[in-house]
Every structure is written in C-alpha cells, then in structure tokens.
Amino acid sequence: MKATCWMGKKKVEVRDVPDPQILNQRDAIVRITSTAICGSDLHLYNGFNPTMERGDILGHEFMGEVMEVGRGVKNLKVGDRVVVPFPIACGNCNACKAEAYSLCENSNPNAWLSEKMLGHPVCGIFGYSHLTGGYAGGQAEFARVPFADVGPLKIENGFTDEQVLFLSDILPTGYMGAEMCDIQAGDVIAVWGAGPVGLFAIKSAQLLGAERVIAIDRFPYRLDMARDRAGATDVINYEEVDSVLETLKELTGGRGPDKCIDAVGMEAHSPGLQYAYDRTKQAMMLESDRPIALREAIMACRSGGTVSVIGVYSGFIDKFPAGALMNRSITIKSGQCHVQRYMKPLLERIRRGEIDPTMVITHTMPLHDAPKGYDIFNRKQDNCEKVVLKA
Amino acid sequence: MGITNGTTNRAYEPGSEGSTAGAGGRGRRGNGLASEGERHQGRAQGEGLATALGWFSIGLGLAQLTAPGGVASLVGAGDGGDNRRLMRGLGMREIASGIGILTKPQPAEWMWARVAGDVMDLALLGATLRSGDARRGRTVAATAAVLGVAALDYYAAQRLSRGGAAERGIRVRKSITVNRPAEEVYGFWRDFENLPRFMRHLESVETTGEGRSHWKAKGPAGTAIEWDAETTEDRPNELIAWRSVEGADVDNDGVVRFTPAAGGRGTEVHVELNYEPPAGKLGAMVAKLFGEEPSGQVTDDLRRFKQVLETGEVVYSDASLHRGMHAAQPPKERQFPRDDSEPRLVADRSAAAAASTTSNLDRSSTTARSGHGEARA
C-alpha cells in the first residue's frame, strides 16, 4: 500500500510499504478514506523528536471502513464506517477505567523509553515516533487499529467524512482545552494559537458559556477565521501590538483573562528577544521546547485563574514563571486529549448543528500529495489552516 | 478484591518472612562473609578514600579541560591539536566520575568506573610510549602515577562494594500494579510455565515435580543458561519464593509478593530478584554497555505480565515486533498463522475494496473505470 513516511527532517515521501496485518486478537484493519495532517505532526516534520526512525509511517487523524477484525473484536464488523481516535487505549487498565485514555498503561510497547523521558510511560499513539510505541500511522491507504473494541467510533450515514474526521483528534482536543478551564458564566477566555485546535478551543469555549473569547496569533487569515468561523469576540495580532499582556489587560478592565488556553505548544514563535533566546537554546540542545506562549499565558492570566495547556510539549523548558504561578494562585491543567471520552458527545453536537468541524478545512488533496501538504501547512502558505488527504 | 485477612505490607521488611529457608536470600550465603560490624567499618574507610578520589578526579579533570596542552606535555605526549582534544575529553570523563562519586549515595559503581578509566589511561600511556616521542621519562613517571591511583581506586571500589546490600551479586527490586484480583495474579505466576509468555529472556520453564522446576534462559551475547530451582515458600495469593539449586549456571533466588493495591485498584506485584552475574560485577557492567540491564528487563517483563493479565495478550506495535530499532511500518512476512478453527469475520481485501468502489460510483459522479479484468456488478 501507499503510505506517507518520515524520511528525515523536513522530508516526507509517499512510499510503497507492506499492508497491515492483525497482530493482536483485538485488532482491526481499516481501509482509510480520509486522513489529515496535524500541527503536532509538524513537530516530527521539523525534527524535534529524537525517537523517529527513517521510514516511520506518519498520521494519527484518520477514518475509514473496517476490512478485517481479530477474534477478540465483538462490536465491529466488516463494512462498518469508523473514526479512529489517536490514543491507543486498552480499556482494561486503571487509567482507561478512569476514562484517562491517553494514559493507558498497556498500549505502549516502548514504555521504557517514555518512562525515561517523561517519568512514567504514556499510551501508544498512531504514527507518532517510537516514544509512543512505534505504531504505523494513518496517512496511508490502510491501518492496523489495536484495541478496536475500545477506540473506533461507528458512524452512521448522514455525515460526510469531513464532518466527522476531526473527532479523531483536534475537535476533542480543542474541546478538552476549553473544558479544563471550568468555564463559569461571564468568563473571558484567551486562546493562544488560531490553528485548527485553537479554533475548536475557541468554539468550544463559546459553547461552554464563555462571555468573551480572545484569539491571539500573528497570521491575519487565521485571526479572520477565529473571528468569522470560530466565534472569537476579539482578536490580537501579537506582531502588531506592543505587548500582548497590556492589550489583554485593556480588553479586560485591567484584570486579565479569567482562563487561558495554550494551543501553541513547543514550537512557539514571538517577535524579538524571547524567540531568539529560546531558538538558540534549542539549536544548542540546551532546551528542547520553546515555551513562549506558555510563559505569556501564565503572566497574563488573572490571579486565581486557570491555564489550560493543550499545545504539545515533549521535553524541558527554561525560564518558567514559577513565581507568577505560585504567588498568584494559578492552576495549570494539561494533558494529551482523552479522545475516546469525547467522541460520542461531540458527534451529538455536530448532529445538532452546534459545531461545523469543516470550518477549519482549507486544503484537500490526494494522499500522494502529502509532501506538498506538509510544506504549505508548515510554512502557513496559501492561507493554509488544515489539510485533508483523501486516500 | 483480593484483600487477604491479616496481610500487612511486608514488602520493605527484610527477613520478616520468618522462614528458615531464607526466602529473602540475603545472608543465605553466609559462609566466609565478614561480620556486620567489620563490614560497616570497611565501608566507612572506603567512603573517606572515595571522597578524596572524587575530589582528585574533579581537580584533574579541570586541569585537563583548561590546560590540555600543559597536561599532555606533563605526561610526555605531544602538544598537538589531537592530543588537546583527547585531553579535554578525558577531562570531562574525570569530572563526571568525580561528580558521580561525590554526589551519589551508592558510589561503588562510579568507583568501578574510575578503575575502568584508569585502565583506559594506562592503555593511552602505553600507546604514547610505543609512539617513540622524546619525553619517555615523563611518560614512565605518569604511568607509575596512574598505576598508583588505579590501585587506590580498586581498593576503594572493593571497600564500597562490600557491606552494601548486594554483596557479590546483582539485586533487582521492581513492582507493578495489575488491575486484577490477587487470586488471578498469583495463580498466573504460580504456574511457572506461563512465565516465558512475558519474560523475554526465558526460553522455557518445566515443572519437574515436588516444588522443583527446570529453567532455560537466553544469556547475554547469545549464550544459553539453565538451572534447577526449588520453591522455598508458597503462600497462596501472597507470596512465592524460590532459589536455584546447587550447580546452577547462574545462582539466583527471589521472591514475588502480591499485596492489594490501595483504593481497590487491583494487586501490587513486588519482585525481588538476586543473582550472581556470570562474569561478576565487571561482566555486569559490560553487559550494561550492550543494553542488557537487569532492572530494565524485569520492569519490561512486569509490564508484559500486566498486559497479559489485563488485556489478554502481549501488546505489539509494528516496530516492536522486531528486536532493535525498526521503522514503524507493517511487517513484510505474515506474522501469525490464520486460525481457521474459530469463526472469524474476515473479508478478502480486494473483494471488499471493489465493492466499496462500486458504492462510491453510486454516490459520486460516475467516473469511467477501465476494466480491471473481472467486472463487479
């Protein structure tokens, strides 16, 4: 089959690889109809994960048709249309029982590696380096889906692929980012990052009752999408204002936003010295992540507020504002999204017309154009927000 | 769930099992060992010397880093760029050893690392002597000095290793929590023939009757290891203890304890394993270099044990099927034979794909499909 393979820094190729097989009894094989490129794929593309191996198949947002099921799968049959969540979860361990699916204790065969780097093992993830198990990803024609009786969500007719594809990752992630804020009536929410996850966080914050949602980014086309499609009430272009902190204070009568969402993560950017500092430290391998958005969110947040972190980080950061955190009673909530928890409720919201996930799509192309998709997505060319690949 | 009456968490009370069979293993090989007091005294002397050697390492390392040319000249080697680079590298190694010795609570391993470093230094000095440069006198003096320091390092390492908990062997303690009741967890472990399912280095275990079993394992560098073991204590749902019988390839003993996990989270499995590595401590260090690290292996084995008990099988990813690093792609060869004895929902991939293609034609605008041989209605 054809699959998008990581061949090195900023290098992906669509290559011929063997078809997937059933390896465990609770596996299913899915023929992929639609898949997408994620912002976190860009961290792999840009060479920030040292556990990538040349030839790794990428992709963790995919859906399609069940082709084959292992003996242990009772709830799916051949022909079922499914969306597959990106965390691989067994359903039997204590973490899965507590619905913390991205903390599954059994699904990562390379648990020792993630334990070394992160303190404890994390779940397996499709197409996301050997740190998360070395599973082949879903930017391909077929994929092997472990624990198919736990993860995949069955979709009935009446939805296009584009309407439900993002239940695999970015829609639940944005939603969880907003949910972790514990939004109260009257809350002002600030969202750093108007990428697809940021847009879904903005929309979710609105649905969960925020009075105002402020989007922060530097690309005018993304800020437009935040306002026109996702429902942001205010936007800040951080390259056009002197200080994001001051602007946020102006917008909130000096208080600062009640809750802040970091939908940017480790490849943050800013004009000026902070970026130069972090970028240099990264190049010298003295710092693995650039926490620019995170620092700003903590400093900007209203005292006693919550900073919700859904942007992906992988290692260690420098100059963390611990003083601000402690002295001003800031709560940080974070996590890789426990997608399985949110898929059904969010499908309901889509059905009722409360969210239109297709609002983030700007580019659709065939699977064999994946390298081009990565390039324009990475460089934010051609007003690119989200690339969908059709297999 | 699995809470047994009267069980206290004895995982951290050595020798409290009360069995004269010596399930814990320590002191079992009591012949010829120094008394408790003598061991402590020896250790304290070792520690003083170790501290001095630690500071010596740091001082030397700093000199090598900041004045590499000078140090190279001092030992009679040339002053060139290559030697300076090498000297700086050696300096970093010295500083690392020094920090290890001074900061770690169990510095014995770092002291052995110093010994290894001294061997390396002697080799380098030997090469310098053979290379025929002018300062032979200095090099000879440096070699004598390193020999002296090496002797001190070795002595200190010996002292530090004695009196520690792991006398001559390796000791591994690891635990994991399994979300199953103690009866199930104990029962699975108790049937020793299950163990190779999750213990990667075990080839097979055979019960040979009356609390005895025969074990075969893969050793480092492709060797094969065999031994007989006897179960020294067996408390259902609580504890299993075993030890190898005389004449084993590798002396070993261990105990696995099952205790209820707090909050009804299942069963905690605590493994304690003691064994004498085939080539002694130095052999173990070499094995570590090649990625064979016992506590890591035990942890991975326990993880697979948990997978089997909680999900029914050892969990595979496309890359983890293979030993060593491998691209995350599906395997080329068929991995497991199809089991046709049970009904299975399997579709011939090509047929299903063709059927879907046909239904796509229904939905979207028709595109002429050039014949693929057999046309499907």
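Select chain A and colour it by secondary structure: chain A holds 13 helices and 18 strands. Helices here are DSSP runs of H or I with at least four residues, strands are E runs of at least two, and both are numbered from the N terminus. This is a predicted model, in which local features need pLDDT of at least 70, side-chain atom pairs count only at pLDDT 80 or more, and totals for chains, interfaces and linings use all residues. Residues are numbered from 1 along each chain as its sequence is written, while chains are lettered from A and ligands numbered from 1 in the order in which they are written.

Of the 391 residues of chain A, 56% are buried. A residue is buried if 20 or more other C-beta atoms, placed from the backbone, lie within 10 Å of its own. Two residues are in contact if their C-beta atoms, placed from the backbone, lie within 7 Å. Among contacts in chain A with a separation of 6 or more, 70% are between residues 24 or more positions apart.

Next, select residues 170-179 and 339-351 of chain A, which are helix 5 and helix 12. Their axes are 9 Å apart and meet at an angle of about 100°. Axes are lines fitted to C-alpha atoms, for helices over the stretch in contact, and angles run from 0 to 180 degrees between N-to-C directions. The two helices are therefore roughly perpendicular, the word for angles of 65 to 115 degrees. Show side chains: helix 5 contributes A:L171, A:P172, A:Y175 and A:M176, and helix 12 contributes A:V339, A:Y342, A:M343 and A:L346. The contact has eight nonpolar residues, no polar and no charged. Nonpolar means Ala, Val, Leu, Ile, Met, Phe, Trp, Tyr, Cys and Pro; charged means Asp, Glu, Lys and Arg; the others, Gly among them, are polar.

Now select chain B, with nine helices and seven strands. Buried residues make up 28% of its 377 residues.

Last, where do the chains touch? The contact takes 41 residues from chain A and 39 residues from chain B. On the side of chain A, strand 4 (56-57), strand 5 (61-69) and helix 3 (111-118) each give two or more residues. Strand 5 of chain A gives the largest share, four residues.

Definitions and conventions. A residue is buried if 20 or more other C-beta atoms lie within 10 Å of its own, exposed if 12 or fewer, and partly exposed in between; C-beta atoms are placed from the backbone. Angles under 35 degrees count as roughly parallel, over 145 as roughly antiparallel, 65 to 115 as roughly perpendicular and the rest as oblique.
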